[in-house]
Amino acid sequence: MIDLGKLATPLLHRFDPETAHELAINSMALGLGGSAPKDVPALATRAFGLRFPNPIGLAAGFDKNARAVRPLAKLGFGHVEAGTVTPRPQSGNPQPRLFRLPEDGAIINRMGFNGCGIDRFCRNLARLHRPMPNGRTRGATVPLGANIGINKIGAEPLRDYPELVSRVSPYVDYVTMNLSSPNTPGLRDLQSAQMLTDLLSAINTRNPDRLPLLVKLAPDMDDSSYEPILEAAIAGGAQGLILTNTTIARPSSLTSPLAAETGGLSGRPLASRSREVLKVVSNLNKGRIALISCGGIETGEDVLDRIRMGADMVQIYTSFVLQGPALLSRLKTELLDAMRREGFETIADAHGTALSV
Ligand SMILES: Cc1cc2nc3c(=O)[nH]c(=O)nc-3n(C[C@H](O)[C@H](O)[C@H](O)COP(=O)(O)O)c2cc1C
């Protein structure tokens, strides 16, 4: 079995970023990924009624078409979020549209929801559930989420989001409504309390017994904007928020010549704003719904810090791309060491302990 972590990441980085990404997904879809050992019980956690073997998930956008869900789960993620999937297939923005900024520990992307559309996405997910010769079914080994969004042309959010929730529901454990990618014109305007109320009500009407629904938000709003959105999410029955998507800001610390490329910035330069948004929302939320922190997480100490700040779990993308799958076992070792040092036996023990009371 090829250990992608040790062998493939430096090789992949010789290709342009998008070709490297395609190669990584293709080789994982062919079964060439690694296999992580079983997680220790101290890392297990629960959120929105599901059990997760560890609190580190793969953020949306890596496996947009749900082609490599099970191999990604086997690498050791605690959950995998596939998508963003849109109702119809679309090619996204012209290339180049994906830029690595290794000196800044960052990526800029303006992919624009390139993807195969909901029909193919569901066919890919259905294959996961096909019975095996021994009669057992083979769903993903960890909780699986579907991240849903809208097409650039012809979108009707009040029609499209409820339809997408219905379509993915037979195949996944939770659904994330993406209202925050910066590369689909108008998408972030859906992040208002009124719009969210209307969207959730349309989804609830169409899907009375729906799965846990999360809402993914941008880091680029004023701090005061998060409270009405949080309240609308809770009132509308959402069970969690993902904080945050990429930023359109460009911190002055960036040194890469690619820093001025248009698109969403992720990775290390996003960490402080992502953490700040988590703090603001955690203090308002007071544990009412689940919070997943995402943005610039690179170490096990970062994971524990976000959990102590009120996150139930975290997601990673950029550090995984830049460092490869070997990152996951390092994160878990560092997280367990940090928990031991701080005297936490379980993730639940650490949850919210750094929040002001
Ligand atoms: C190349 C790329 C594509 C992404 N595509 C999506 C997407 O389709 N949907 C989504 O919700 N987030 C998408 N994201 C955002 C990530 O899920 C994540 O929220 C963000 O990158 C911050 O986490 P990080 O700093 O660990 O990368 C994308 C990020 C990158 C770098």
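**Entry 1**

I began with F62, which counts as buried because its relative accessibility is 6%, under the 20% cut-off. The model is predicted, so I kept to side-chain atom pairs at pLDDT 80 or more. I then looked up Y317 and found it partly exposed, since its relative accessible area is 22%. F62 and Y317 form an edge-to-face aromatic pair. Their ring centres lie 5.8 Å apart, with 70° between the planes. I checked where the two residues sit. F62 is in the loop between β3 (56-58) and α3 (69-74). Y317 is in the loop between β13 (313-316) and α10 (318-323). The pair links distant parts of the chain, 255 residues apart.

I counted aromatic pairs and got 5. One of them is F48 with Y174, a tilted pair. I noted 5.5 Å centre to centre and 55° between the planes. F48 lies in the loop between β1 (45-47) and β2 (50-52). Y174 belongs to strand β8 (residues 174-178). I looked up burial for both. F48 is buried at 11% relative accessibility, and Y174 is buried at 0%.

**Entry 1: the ligand**

I turned to the 23 residues around the ligand. Which of them come nearest? They are A60, T84, K216, G296 and T318. A polar side-chain atom of T318 lies 2.6 Å from one. For G296, a backbone N or O atom is 2.8 Å from a ligand oxygen. Y317 turns up again here: a polar backbone atom of Y317 is 3.0 Å from an oxygen atom of the ligand.

**Entry 2: helix α8**

I checked the length of α8 (residues 271-285). With 15 residues at 1.5 Å each, the helix should span 21 Å. The end C-alpha atoms are 21 Å apart, which agrees. Next I listed the buried residues of α8: A271, R273, S274, V277, L278, V281, S282 and N285. They cover an arc of only 165° around the axis, so they lie on the same side of α8. What do these buried residues pack against? I found α7 (226-235), β10 (240-243), β11 (264-267), β12 (290-294) and α9 (300-308). Last, I looked just past the helix, where K286 takes a positive phi of about 50°.

Conventions. Residues numbered from 1 in each chain as written. Heavy atoms only, no water. Helix = DSSP H or I, 4+ residues; strand = E, 2+ residues; numbered from the N terminus. Expected span 1.5 Å × (residues − 1). Buried < 20%, exposed > 50% of the residue type's maximum accessible area, 1.4 Å probe, protein only. Arc of directions from axis to C-beta. Contact = heavy atoms within 4.5 Å. Phe/Tyr/Trp six-rings, centres within 6.5 Å; stacked < 30°, edge-to-face > 60°. Near = heavy atom within 4 Å. Polar contact = N/O pair within 3.5 Å; in protein donor to acceptor, adjacent residues only side chain to side chain.
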